[in-house]
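Here's a quick walk through a two-chain model. Have the viewer open and follow along.

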Amino acid sequence: MNCEQASEYLPEYWDSALDEIPRRELEAHLQTCAACREEAARLKAFWFRLGAIPDEAPDAASRGRFDAMLADYRRAVRPSRVDRILENWWPRRPAVQVACAMGMLAIGLLAGHALTVDVQGRGEVARLRDEIASTRQLVALSLLRESSASERLKGVDWSDRLPHPEPQVVNALLETVNYDDTVDVRLAAVDALRRLSSEADVQSRMASALPVQDSPLVQIALIDALSDSRSGQARDAIRRVAELRNVDPLVREHARSVMERKQ
Amino acid sequence: MQAREDHHLMKAVRNGDVGKLATLYARHQRPLFNFFLRLTCSRPASEDLVHDVFTRILKYRSSYADSENFAPWMYRIARNAHIEQARRRRLEVVAPDPATQREPVSPEPGPEQRAEYGQNVALLRRALARLPEDKREVLVLSRFQNLRYEEIARILDCEVGAVKVRVYRAVRQLEQIYNELAGEKAS
């Protein structure tokens, strides 16, 4: 064993965690090399001196913050009261379900036939709806271009509420995923694009963004969004990331587990 | 023993029993807080990072594989959280904040001994804060977090041999910084 190899084993030697063979070799080297012996003794004393830095207790309030976060998460995933009522009320036997559905359809048809609808009024309502939708698109676009991250987050939220986002809004969301400085905004944009991940253009640009993202969190969110689609393009993009060496190990493992689930 | 229990708890969290995360939090909050405190020298930043790590664990629980060990997996998340936070806030670790400069209580509370012990700890903290970030990280993981070198290698995504060399170099440089600071104080 030479001096360089000996230095590699020293921290484990101080902690008595070194295996027997390298320990014997190290001790033999230390007996013959005065410089290493002196340095090993000096650094060992310092290594143990480091133990004087005491642990500190976190603030008691942080436990409350964690409990609140966990409670929020549970509330978010628990079915709502309306869902639970519907679940209990809705008949379980398929024949009864079909009968109920047919009855409701008949009621709907009769009610529709019976109601007199003003065609002109309906046209105005449709025009107003279009105008509101168009205004929402503009608000979403303008917020996405704001310099403040919280305003851009609002923009993503607005775009997520649009039933049919226009191509400019979709394009702005994709650019947010690629170029926004803030990880939270990029994550929100990926979530908003998730419902559109079956569209070929969106899918293609998400697949291109995946290997070049610098945030592992955004990469994992992109993998989840792409995994919703059954296309070969999405699968290829996830597989490529699973094989890349220069991505974060967590991302690589997540890509692998998604690939395994899909097989 | 605890590693195996942690693994079962995290698998339960992954499978939907998210209440088990409270047990993992109770076990790992303090070591994780001290890990961040030694890296950032800031109590508020360390509190936020611990919260961030457990939020991420909940959000990405499905990525926890059966072959994982909980602690190294958690420290990989912790490392990413710290890197992202430092990048976002351009957090510069130069001087420890006053909150971390509280004098610790000596085990032998004679006034002189206590003063000397407190000075030594303050000097060690200052030296640690001056160590380059990559070296501080590997040193904290190996000296304070009770992790094996194989686990540290997985956290840092490098070879075990590289971890050993980095630890040795880090402790050597830290000793030099400590001696320089002690010399400045004496002169």
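## Around one methionine

Start with B:Met74: once you skip its neighbours within four places in sequence, B:Met74 is in contact with B:His28, B:Val53 and B:Ile57. Keep in mind that this is a predicted model.

## The cores

B:Met74 also turns up in the largest nonpolar core, which has 52 residues. The residues with the most contacts inside that core are B:Phe36, B:Val53, B:Met74, B:Ala78, B:Leu139 and B:Leu174. Helix 2 of chain B, residues 21–40, gives the most to this core, with nine residues.

As background, nonpolar side chains tend to be buried together in soluble globular proteins.

## Chain B overall

Chain B has 187 residues, and 36% of them count as buried. Now take the contacts in chain B between residues at least 6 apart in sequence: 66% of those join residues at least 24 apart.

## Where the chains meet

On the interface, 34 residues of chain A are in contact with 37 residues of chain B. Several helices of chain A each supply at least two residues to the side that touches chain B: helix 1 (3–14), helix 3 (34–49), helix 4 (61–77), helix 12 (216–227) and helix 14 (249–262).

Which helix of chain A gives the most to that side? Helix 4 does, with seven residues. By class, the residues on the side of chain A that touches chain B split into 20 nonpolar, five polar and nine charged.

## A helix pair in chain A

Two packed helices are described by the angle between their axes and the distance between the axes. For helix 9 (residues 167–179) and helix 10 (residues 183–193) of chain A, the axes come within 8 Å and cross at roughly 140 degrees. That angle is why helix 9 of chain A counts as oblique to helix 10 of chain A. The crossing of helix 9 past helix 10 in chain A is left-handed.

On the helix 9 side, the residues that meet helix 10 of chain A are A:Leu173, A:Leu174, A:Thr176 and A:Val177. Their partners in helix 10 are A:Val185, A:Arg186, A:Ala189, A:Val190, A:Ala192 and A:Leu193. This contact between helix 9 and helix 10 of chain A has eight nonpolar, one polar and one charged residues.

Terms used:
Residues numbered from 1 in each chain as written. Chains lettered and ligands numbered in written order. Predicted model: local features only at pLDDT ≥ 70, side-chain atom pairs only at ≥ 80, totals over all residues. Axes fitted to C-alpha atoms, helices over the stretch in contact; angles between N-to-C directions. Helix = DSSP H or I, 4+ residues; strand = E, 2+ residues; numbered from the N terminus. Parallel < 35°, antiparallel > 145°, perpendicular 65-115°, else oblique. Left-handed = near helix turned anticlockwise from the far one by under 90°. Contact = placed C-beta atoms within 7 Å. Nonpolar A, V, L, I, M, F, W, Y, C, P; charged D, E, K, R; others polar. Buried ≥ 20, exposed ≤ 12 C-beta atoms within 10 Å, placed from the backbone. Core = buried A, V, L, I, M, F, W, Y, C linked by C-beta atoms within 7 Å.
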